[in-house]
Amino acid sequence: MAVNLVNVEAVSKVYGTRTLLDSISLGVSEGDRIGVVGRNGDGKTTLIRMLAKLEEPDTGRVTQSGGLRMGVLTQHDSLDPKATIRHEIIRDMADHEWAGNAKIRDVLNGLFGGLDLPGFGQGLDTVIGPLSGGERRRIALAKLLIADQDLLILDEPTNHLDVEGISWLAQHLQERRSALVCVTHDRWFLDQVCTRMWDVQRGSVHEYEGGYSDYVFARAERDRIAATEESKRQNLMRKELAWLRRGAPARTSKPRYRIEAANELIADVPPPRDTSELMRFANARLGKTVFDLEDVSVHAGPKELLKHLTWHLGPGDRVGLVGVNGAGKTSLLRALAEAARTQGDVQPAAGKITVGKTVKLAYLSQEVGELDPSLRVLEAVQRVRDRVDLGKGREMTAGQLCEQFGFTKEKQWTPVGDLSGGERRRLQILRLLMDEPNVLFLDEPTNDLDIETLTQLEDLLDGWPGSMIVISHDRFFIERTTDTVMALLGDASLRMLPRGLDEYLERRRRMIEAAAPAAVPATAAAAAKTAASVDSRAAKKELQKIERQLNKLADREGNLHAQIAENSTDYDKVAKLDAELRELLADRDDLEMRWLELAEEA
């Protein structure tokens, strides 16, 4: 029987006039792998902070088993800014100790791309203070994963990780024996790692068996039977259920209810996208030319990110763009956006970008654009447009679109300055779509968005007629919203991947393995140099220690000689003292020999 690790009994939490959690009772046992989902602001982070006893409930109690070893990754790390990465992750372990530890090697390779931490100027000896939030977060995660834990509590662990890093983390957590409670909006990650789901809604927590796909099935069925959810939210869930059942049936590894019921639920739901109809609309809005790239090269300073690129982005093309950090994904979008802004007058370092005359581009960058903080949400949207044409005869007012993006009638009158990061991100996307673009560039659109908002955005994009390029580390979002995956693999070229992100990960794995033999000599030399430096420092420390021991032995030897002289007529006593003296002299000889060896090393 699994041991209970944490118990939550009748816990409630109120902020101001809002009840976040209302009489919640839950438990976490050995072997549990729990994913926590829900809208931003509904209490996911508060719940796991109370599990970890970082926050106290207003009523009820949280109990933890005795001797529980728990690791917690919060939104804000507690790293010492004056310390080095080595001190925070490896502590006082010698290089040969941590380098010989398979778990530490795996974590450093998985999160940083190598034992020498190639993204950090001084490697392990880099000082933490000047590092970015994303770099600090990876350090905090590495520190957590290297330790042995009974329970891991992770708040958004995939933030600031690329596709490869997320894939590695999922595999690492699958292989760990510790229990897990994880808040994340990455639905692919939830499917890979979790076997239970907690859905935090309106003060309650609903429990479901299985990963995210199983949760979608169960919640859609629950909504259908109970008929308590409003039609808009139910339709969104049914549409995503239809995509999961039709487009990727293998996602759910172990269905826990009748497949017939799920099929009946989606019998009258059309496919997420009518591709041929959307293509017809896109052609009408864009013509034949969107972006044509001919022998294009893109630079970032002295570095050539792309060379001799010839590529055609046509009307209605929906492209997911993936690649290693620094490969040039954002730089490519910026080059296309600059060419569109100037109607082809500004060109890249080499080659030519031809822009269609009817192109109206909306570019969502990773940075949240600044808005007048005194504006109300609805006013900020109406400043762009009062009504928007979504294609296929669909039209929405600014207020209706605000509601679809989670801004209720009351929330629409909230000042922009009072919005959270996720709410500002939603508002930024909303303003872009209100401008009725026919080409969308989305650079990490899923940042700070909760799962429910993501499904709403996906539903809106399903019926959006135009061309689209999406850069995202969220595999689920890319698979859901795009039809083609293109990859920048770090070799200055752009490749189409017929098998999508699985093929991307396979190609990257092969590239890393192919590069490994060439890197071995350099790595070995660096390791040898590091080891020599470490050995030299260690030798000097041990020399000082031996010298102190030799001084003590000399004092002890003098005392023994004096005692032998005093007791010269007591043969038994002299024999004992003589044996002790011989043992001391043997120890001294060993220490002196070791001292000579260390002196040579130092």
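R385 is partly exposed, at a relative accessible area of 27%, where partly exposed lies between buried (under 20%) and exposed (over 50%), computed with a 1.4 Å probe and protein chains only. Colleagues, I begin with this residue and its partner. R385 forms a salt bridge with D435, with the closest N and O atoms 3.6 Å apart; the term requires a side-chain nitrogen of Lys or Arg within 4 Å of a carboxyl oxygen of Asp or Glu. The pair links distant parts of the chain, 50 residues apart. D435 is likewise partly exposed, with a relative accessible area of 34%.

On provenance: this is a predicted model, in which local features need pLDDT of at least 70 and side-chain atom pairs count only at pLDDT 80 or more, while totals for chains, interfaces and linings use all residues. Residues are numbered from 1 along each chain as its sequence is written, and side-chain values use heavy atoms, leaving out hydrogens and water.

How many salt bridges does a search of the whole structure find? The search finds 27. One of them joins E458 and R187, at 2.4 Å from N to O. E458 lies in helix 16 and R187 in helix 7, so this pair ties together parts 271 residues apart in sequence; helices here are DSSP runs of H or I with at least four residues, numbered from the N terminus. E458 is buried, at 0% relative accessibility, and R187 is buried at 0% as well.

Another salt bridge pairs E503 with R507, at 3.2 Å between the closest N and O atoms. These two residues are four apart in helix 18, and are therefore separated by about one helical turn.
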